[in-house]
Amino acid sequence: MAVIKFKIPAFLALLVVSVAVALVAGIPLPDVIKTVTEGMGGTLGSVAILVGLGAMLGKMIEISGGAQSLAGKFTQLLGPRRVIAALTSAAFLLAIPVFFDVGFIILIPIIYGFAKAAGVNPVKIGLPVGGIMLAIHVVVPPHPGVVGGAGILGADIGWTTIIGLALCIPVGVLGYFVARRLNRRDFTMLPSTAEQFRLFGTGTSQVEQEAAQGTSSVAVKSEVKTAPSPAMIITLIVLPILMIMVGTVGAVILPKDSFPAQLAAFVGAPLIALLTALGLAYYFLGIRRGWSSQHTGEVMDSALAPTAIVILVTGAGGVFGKVLTVSGIGKALAEGLQTAGLPVVVMAFVLAAILRASQGSATVAIITTSGLLAASVADGGFSPFQTALILVAMGFGALGLSHVNDSGFWIVTRFLGLSVADGLKTWTVLTTVLGLAGFALTFLVWILTGGLAV
């Protein structure tokens with residue numbers, strides 16, 4: 001209510017509500033501030049590091065021209081007749097380290113270029129690209145919602161990454177075909193976007209100027225003209241994922257407390273994985289390509305300011321979850337779920353979907369849902385794999401129902417030239433279908449792995 005009706009910032013609203021709930025629930029006054037501090041610190045202990053490192057890696061790929069290089073390689077491999085599939089595949093990889101809003105804006109010049117060459121409306125290319133990027137954003141670390149939710153629920157980042165990526169592949173394929181069906185009708189571009197699209201390629205359009213300037217307040221344009229190779233970009237994205245998987249698989253197959261298990265756990269720690277990738281990016285995308293150390297550092301630093309509010313909102317969500325746990329409200333909710341007979345994985349999806357539709361932010365929806373269900377998950381006796389499934393279900397709940405209260409809705413509709421009505425008929429429908437499909441796959445895995453028997 002505070003976010004929707006009174007437009008109070010989510011960070012402030014979550015803190016105020018947390019304190020109010022603590023007081024109403026009867027937590028002793030001396031313990032209220034302690035609970036708030038512990039909730040904030042406990043959540044941000046890992047979240048701030050992972051989100052910050054992920055943002056820096058994404059910024060290096062963005063500014064170096066890696067997105068264009070990646071898109072061009074996929075188009076070359078799949079051929080000009082499969083441009084939409086090529087860009088969607090490239091977007092799948094790019095979305096792992098890059099936030100949705102930034103990643104979509106990065107790809108807009110490429111979408112415009114291919115759309116103009118093919119003589120089609122850019123919405124035909126941009127819709128499936130945006131769909132898969134948002135799906136990755138809500139279920140795959142190091143994005144803030146899923147990382148924050150993992151911190152609150154105690155979910156394993158490795159299992160969450162493996163499950164999220166595995167399920168996003170069929171979701172992305174479905175998104176391609178759903179978008180193609182939605183695009184069977186022609187959409188009239190908004191006049192302002194139509195003019196930008198007409199001017200694209202002349203060097204005078206706003207999209208080209210924004211692409212040339214980047215999204216940072218510092219001078220971050222590359223000092224060399226050559227973009228990094230697609231193989232380098234793919235390596236930087238895939239390497240930390242493989243390292244995290246080594247840690248996750250090693251914990252299962254290696255003898256506990258043995259040196260190989262300890263080594264795998266160290267190598268597979270998300271912190272070490274992202275630090276390794278960022279170190280390689282610093283050298284191969286920066287220093288080796290002619291950037292000075294100062295310039296490379298400025299590029300990395302420029303990624304941190306936009307993430308500050310996201311990190312603070314995530315921390316405030318952790319405070320909310322801590323208050324619910326300490327007050328006993330979370331336990332009461334858990335008992336209510338058991339009485340209702342609803343599996344916690346279903347409730348995770350439903351609550352996240354409701355919060356997403358009501359206040360717009362997928363990150364806030366995941367964080368708040370995690371706080372509400374933290375006690376249920378803690379008391380449920382779930383395995384690390386099942387806890388990760390519950391978190392992924394929240395992510396897919398936060399994927400759908402993107403509409404006018406979501407900043408992503410306006411970014412997509414603005415750059416693709418869709419009216420509000422057409423955006424609701426296309427983007428909102430696409431995200432909702434993908435959210436439902438993602439949850440259906442998650443629930444299927446939940447059943448097959450014996451989740452209902454817990």
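Visitor: Leaving aside its neighbours within four places in sequence, which residues is Ala85 in contact with?

Guide: This is a predicted model, in which local features need pLDDT of at least 70, side-chain atom pairs count only at pLDDT 80 or more, and totals for chains, interfaces and linings use all residues. Residues are numbered from 1 along each chain as its sequence is written, and side-chain values use heavy atoms, with hydrogens and water left out. Ala85 is found in helix α4, residues 83–94, where a helix is a DSSP run of H or I of at least four residues, numbered from the N terminus. With contact meaning heavy atoms within 4.5 Å, and neighbours within four places in sequence set aside, the partners of Ala85 are Leu78 and Tyr176.

Visitor: Why does Ala85 count as partly exposed?

Guide: Buried means under 20% relative accessible area and exposed over 50%, with partly exposed in between, using a 1.4 Å probe and protein chains only. Ala85 is therefore partly exposed, because its relative accessible area is 22%.

Visitor: Which residues of α20 are buried?

Guide: Helix α20 spans residues 407–416 and is mostly covered, with 7 of its 10 residues buried. Trp410 of this helix counts as partly exposed because its relative accessibility is 41%. The buried residues are Gly408, Phe409, Ile411, Val412, Thr413, Phe415 and Leu416.

Visitor: What is the phi of Gly417, which follows α20?

Guide: At the start of α20, a side-chain oxygen of Asp406 reaches to within 3.1 Å of the backbone nitrogen of Gly408. After the helix comes Gly417, with a phi that is positive, near 75 degrees.

Technical notes: Helices (H or I, at least four residues) and strands (E, at least two) are DSSP runs, numbered from the N terminus. A polar contact is a pair of N or O atoms within 3.5 Å; within protein, one must be able to donate a hydrogen and the other to accept it, and residues adjacent in sequence count only if both atoms are side-chain atoms.
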